[in-house]
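Thanks for coming. I have one chain to go through this morning, and I will keep to a few places in it.

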Amino acid sequence: MLLAWAIIALLILLTGLYVAAEFAAVSARRSRLRRLAEDGNVLAARILPVLEDPRELDRYIAASQVGITLSSLILGAYGQAVLAPRIAPLFERLWTMQPGTAESTAAAVVLVFLTTLAVILGELVPKSLALQNPTSTALFTVLPMQWSMKAFSWSIAFLNGSGVRLLKLFGVPSTGHRHVHSPEEIALLIAESRDGGFLEPQEQVRLHRALRLGLRTARQLMVPRARLAAIDADLPFDEVLRVVAASPYSRLPVYRGSIDAIVGILHIKDVVTRYVQAGTLTVASLLRPIVRVPDTMAADRLLAFLRERRSHQALVVDGDGVVVGLITLEDVLAELLGGVSDEFKSIHASPIRLSDGRLRIPGSMRLDQAAPLVGTRWRGLEETVASHLAAALGRIPEAGEEFEIDGARVEIEAVEGGGITSVIFGHRAGAHALAREEK
């Protein structure tokens, strides 16, 4: 009797082995196994080719299914043949059954008992273990599975071939087992990983932004033409130095005549270096070419495009070739990672005159400093532009809002961390006041 139970336990273990191998094969991360194989793990090197080849993975899964079926059938047949005759007399004595009836009842009871035992110990438990530890389970089961693939090769070929022909008969393509997920499924996996404690909330946000990057276009991420800080190619060099010194940007677009005719990009480093070497120069001698991209280009493609061209920025043009804005690597990375700070764009940033004559002022600028630039009669030595606007509105405005306040046209350019960081004033008088301040 002890030998019979040992054989039953062995058959249940075999069933569990095949179940665990099947779930581990479809759950294990190939990137993790690839790293283990590169580090010299022999078992990882054995299973990695199986997971990377859909046909081999299909055969691997088929071998586990054949193994599960055979071990379950043998378990049921052996249990009925060995255990049923031993408990049949017990049914005869307890319930005064006929010998034939007792044997049939004993066989049914044994089958139900062994099936329940096999489902719990041979399927549910191994499945849970494999899903919780897919990599280690895949490594543990790879050798028995490879032996099984050789032993069951004839049945795998026959059964897989029959299944493929049956699918073709119904017009269903056979794609095999592949680790393919839609963006929605990946987003769900990310959310589940966060709920399980494997991802921090900030990591989840970044991953979701990466998934949505291909849905954003250059027009949605660019700096509109009206907000560009650009300089005229014919501007005297001493004026260029003044603009460069006041600008928080390391690169400035250069136009000739109007902003519609941008002829290149001016690197601040080039201005400083050449000025130190040669003194007074012209803007034209320092220009670098600037690439152009359509406004419909997806952000992920734009990132690859800029990397291939080794460029940090590009002009965005519409279908008619008209410049509608400028986009930089920082704009794309800000969409991916959130706000990207710059040591030159600190809270002490200076006012910037835009190409359309409007004035960009940092929200942290003191009210008494901003008043003469904007042309208003603001007072309050300690109050900032951001706090004054928020107090006047009674709330924190959203980026892109436009309104009239104290006789000035205001556009909120940026809001970060619950505070206004950049404001654009539409009065040209502000630009003239800035020129007077510089003088």
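In which helix does Ile 120 lie? Ile 120 belongs to helix α6, which covers residues 99–132. Before going further, note that this is a predicted model.

Staying with this residue, is Ile 120 buried, partly exposed or exposed? Its relative accessibility is 42%, so Ile 120 counts as partly exposed. If we set aside the neighbours within four places in sequence, Ile 120 is in contact with Val 125 and Pro 126.

Now the chain as a whole. It has 439 residues, and 38% of them count as buried. The secondary structure consists of 18 helices and 12 strands. Taking the contacts with a separation of 6 or more, 56% are between residues 24 or more positions apart. The chain exposes about 24900 Å², and 58% of that comes from carbon and sulfur atoms.

Next, a helix pair. Two packed helices are described by the angle between their axes and the distance between the axes. Here the pair is α12, residues 237–246, and α13, residues 268–278. Their axes are 11 Å apart and the packing angle is about 130°. An angle over 145 degrees would count as roughly antiparallel, and α12 and α13 are therefore oblique to each other. The crossing of α12 past α13 is left-handed.

Which residues of α12 meet α13? On the α12 side they are Phe 237, Leu 241 and Val 244, and they meet Ile 268, Val 271 and Tyr 275 of α13. Sorted by class, this contact has six nonpolar residues, with no polar and no charged ones. As for the spacing, an α-helix has 3.6 residues a turn, so residues three or four places apart point the same way.

The last stop is helix α17, residues 385–393. Which of its residues are buried? They are Val 385, Ala 386, His 388, Leu 389 and Ala 390. The cover over these buried residues includes helix α16, at 367–374, and strand β9, at 359–362. It also includes β10 at 402–405, β11 at 408–416 and β12 at 419–425. Just after α17 comes Gly 394, with a positive phi of about 80°.

That is what I have; I will take questions now.

Definitions and conventions
Residues numbered from 1 in each chain as written. Predicted model: local features only at pLDDT ≥ 70, side-chain atom pairs only at ≥ 80, totals over all residues. Heavy atoms only, no water. Helix = DSSP H or I, 4+ residues; strand = E, 2+ residues; numbered from the N terminus. Buried < 20%, exposed > 50% of the residue type's maximum accessible area, 1.4 Å probe, protein only. Contact = heavy atoms within 4.5 Å. Areas by Shrake-Rupley, 256 points an atom, 1.4 Å probe, with all protein chains shown as cover. Axes fitted to C-alpha atoms, helices over the stretch in contact; angles between N-to-C directions. Parallel < 35°, antiparallel > 145°, perpendicular 65-115°, else oblique. Left-handed = near helix turned anticlockwise from the far one by under 90°. Nonpolar A, V, L, I, M, F, W, Y, C, P; charged D, E, K, R; others polar.
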